[in-house]
Amino acid sequence: MCRNIKTLFNFEPPATEDEVRAAALQFVRKLSGFNKPSQANEAAFARAVDDVAAAARVLIDSLSTTAQPRDREIEADKARERSRLRFKPRPAPSAK
């Protein structure tokens, strides 16, 4: 589940509220072990997502760096290439 949490700091354009919320949702899912909580836990789950999203936004907004902002498209291309190399079909073993 946590593989879906993306780095949100130092990108151009900056992270949107939707991206922060999506990362918070993935984090709460991982901590709770629920992909979708029961009705009894739904309010606590939603509150936790809101709290984590707020904390993440505070963190992102308060961080600073001298590095140039990263371009989202370039980083996405790099990730696709890593994935392609990781999951490329392996050659069949030769028969001896």
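A residue counts as buried when its relative accessible area is under 20%, as exposed when over 50%, and as partly exposed in between (1.4 Å probe, protein chains only). The structure is a predicted model, in which local features need pLDDT of at least 70, side-chain atom pairs count only at pLDDT 80 or more, and totals for chains, interfaces and linings use all residues. Residues are numbered from 1 along each chain as its sequence is written, and side-chain values use heavy atoms, without hydrogens or water.

The chain holds three helices and two strands, arranged along the sequence as β-α-α-β-α. The chain is more spread out than a compact globule, because its radius of gyration is 18 Å, well over the 12 Å that the globule rule gives for 96 residues. Helices (H or I, at least four residues) and strands (E, at least two) are DSSP runs; the radius is taken over C-alpha atoms, and the rule is 2.2 Å times the number of residues to the power 0.38.

One residue may be considered in detail. R57 lies in helix α2 (residues 39-62) and counts as buried, because its relative accessibility is 15%. Its side chain is joined to that of E17 by a polar contact of 2.8 Å, that is, a pair of N or O atoms within 3.5 Å, one able to donate a hydrogen and the other to accept it, where residues adjacent in sequence count only if both atoms are side-chain atoms. Apart from neighbours within four places in sequence, R57 is in contact (heavy atoms within 4.5 Å) with A15, T16, E17 and V20.
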